Structures are given as structure tokens and as C-alpha cells.
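Hi,

Here is the structure we talked about. Have a look, then read my notes below.

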Amino acid sequence: MKQHLIVLDLDGTLLTDQKAISPKTKHILNKAKQAGHQIMIATGRPYRASEIYYRELGLTTPIVNFNGAFVHHPKDDLWGLHHTPIGLDIVHEVVESMHDFDFHNIVAEVLDDVYVHHHDKKLMDIFSFGDPSITTGDLRNYLKTDPTSILIHAPFEKVPAIHEHLSAVHAEVIDHRRWGAPWHVIEVVRSGMNKAVGIDRVSKSLGISKDRIIAFGDEDNDLEMLDYAGVGVAMGNAIAPLKNIANEITLSNNEDGIAELLMDRLKLKF
């Protein structure tokens with residue numbers, strides 16, 4: 001069988017609801033590697049919060065972080081480091097405009113540096129994974145570097161209005177997506193950045209054509225990735241729009257959906 005590139009989203013896809021890789025899924029992914037297939041991660045998380053799973057799977061491929069805004073090879077510095085941040089002037093405009101809305105907090109990430117607009121222990125606990133440098137204070141004063149992404153945490157009922165504002169005022173310079181429950185967070189990256197952009201770069205470097213890419217996802221930040229892949233797979237727990245464009249729908253992240261599909265597609269045995 002020809003070599004395939006297997007692309008894995010993390011939360012809600014590779015990871016169970018307990019944020020773990022199940023033994024069965026790990027076993028089948030190892031079988032796929034032994035059969036000569038390549039496996040990579042494409043996530044909205046920063047590298048520091050995905051490295052643990054990269055190492056657990058024993059990967060040797062590049063990784064896509066921040067939904068495509070940061071792509072690098074953890075084991076090969078010569079592969080290149082591709083970082084596409086948002087212009088600081090745009091970020092300041094967005095932060096300024098958010099004060100017209102009822103938002104909880106705004107977080108900016110510059111790779112492994114985290115800037116938090118308002119002190120919020122619960123939110124900061126999420127971003128402390130990997131021991132980043134954390135600065136708290138008004139982003140308009142403290143943020144001095146173009147950030148990789150910004151995250152707007154707002155009440156659920158305010159999220160649609162914020163989405164509408166960002167689309168109307170900043171559509172040409174930023175793209176924005178929402179996180180899945182329970183966090184009502186809007187994630188903002190530079191316009192044109194998505195997982196498909198990073199996967200395209202990786203697949204070309206590996207010499208694997210688009211038709212031999214199998215990509216798994218569950219949320220709206222996986223839309224471009226599933227549309228781009230030769231076989232786009234929506235998890236059983238995926239949102240309806242993703243299932244609508246997927247080539248295949250597998251079982252949920254808690255039911256070894258990745259393992260089940262790969263066993264069938266790549267003729268792997270548990």
C-alpha cells in the first residue's frame with residue numbers, strides 16, 4: 001500500500017474527553033507507522049501544550065500549531081520555522097473595539113509567551129501548561145510584539161455579535177473561529193492561516209500527494225483541513241458543518257474513531 005499522511009487534530013479527536021490517547025488508538029497508530037505511513041498533529045494548541053502527545057506517539061514529522069500560524073519540525077531545525085503572526089496594530093484595534101462589548105478576557109500568545117488582559121486564575125491555569133512566560137495587564141500597553149494568536153473569552157450570548165463585528169471590520173486581515181464547549185472563546189489568527197496551509201507545507205516536504213492524506217477533526221477549525229485532505233474524516237462527536245463536508249464519519253473520540261477508520265482504510269489489525 002502507498003504511503004499515507006495521517007493528520008490528527010488533538011482535542012475532541014485524538015484525545016478522549018479525559019485528554020488522553022486511548023491504548024487502542026495508540027496501538028493502531030504505531031501499526032500505521034510500522035507499515036510505512038507518516039503521522040502528524042495539526043492543532044490550535046501551541047507547541048508547548050501539544051509536545052507531550054507528539055512525544056507519546058514517538059512522532060518524527062513536522063507539527064502544525066496555532067491552526068497553521070506556526071509550523072516547524074521539533075526534530076529537525078533545518079526543516080524551517082514558519083511563523084505568521086498578526087500585526088500588532090490590528091491587535092490593538094481589536095482589543096480597543098472589544099471594550100464596546102461585554103467580554104470576560106483577552107489573551108494574546110506570542111509563541112510561548114502569554115499576555116492576559118485581566119487577571120483570571122481559571123483562564124490562566126489553561127495557558128500555564130508548558131510553563132510559559134505570563135504577563136498580566138492591558139494588552140494595549142503590555143503587548144509589544146506581533147502575536148501568533150489572540151483569544152477573546154466572552155459570555156455565550158455575546159459571541160455572535162463579536163463574530164459579526166470581527167467579520168465586518170477586520171475580515172481582510174484576520175480569521176476567527178470559536179472554541180468548542182465549555183469555553184466560549186473566539187480564536188483570532190492572521191488572515192489566510194488555517195490547518196490546511198500548514199499541512200500543505202508538510203505534505204510537500206514529505207513527498208506525499210493530497211489524495212493520500214487522511215485527516216481527522218471535530219470542530220470548525222478543522223473545516224479547511226478536511227476539505228483539503230484526500231480523505232477528510234469527521235469524528236462522531238464533530239459539529240454538523242464538519243460532518244456535512246467530510247468524506248467519512250467515524251466513531252467519536254471516546255470510541256476509538258481514529259483506530260476504527262484506519263483499521264478499515266489501511267488494512268491494519270488490532
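The crossing of H1 and H10 is left-handed. Keep in mind that this is a predicted model. The axes of helix H1 (residues 23-34) and helix H10 (residues 257-265) come within 8 Å. Their crossing angle is roughly 35 degrees. On the H1 side, the residues are Lys24, Thr25, Ile28 and Leu29. They meet Ile258, Ala259, Glu260, Leu262 and Met263 of H10. Sorted by class, this contact has six nonpolar, one polar and two charged residues.

**Thr148**

Next, a loop residue. Thr148 sits between helix H5 (139-142) and strand E9 (149-153). Thr148 is buried, because its relative accessible area is 0%, and the cut-off for buried is under 20%. Its side chain has two polar partners worth checking in your viewer:

- The side chain of His83 makes a polar contact of 2.7 Å with the side chain of Thr148.
- The backbone nitrogen of Leu111 is 2.9 Å from a polar atom of the Thr148 side chain.

Leaving out residues up to four places away in sequence, Thr148 also touches others, including Phe66, Ala69, Pro85, Ile86 and Val189. Glu109 and Val110 are among its contacts too.

**Helix H3**

H3 spans residues 88-98. Its buried residues are Leu88, Ile90, Val91, Val94, Val95, Ser97 and Met98. What covers them? The cover includes strand E6 (105-110), H5, E9, helix H6 (159-170) and strand E10 (174-178). H5 and E9 are also the elements on either side of the Thr148 loop.

Best wishes

Terms used. Residues numbered from 1 in each chain as written. Predicted model: local features only at pLDDT ≥ 70, side-chain atom pairs only at ≥ 80, totals over all residues. Heavy atoms only, no water. Helix = DSSP H or I, 4+ residues; strand = E, 2+ residues; numbered from the N terminus. Buried < 20%, exposed > 50% of the residue type's maximum accessible area, 1.4 Å probe, protein only. Polar contact = N/O pair within 3.5 Å; in protein donor to acceptor, adjacent residues only side chain to side chain. Contact = heavy atoms within 4.5 Å. Axes fitted to C-alpha atoms, helices over the stretch in contact; angles between N-to-C directions. Left-handed = near helix turned anticlockwise from the far one by under 90°. Nonpolar A, V, L, I, M, F, W, Y, C, P; charged D, E, K, R; others polar.
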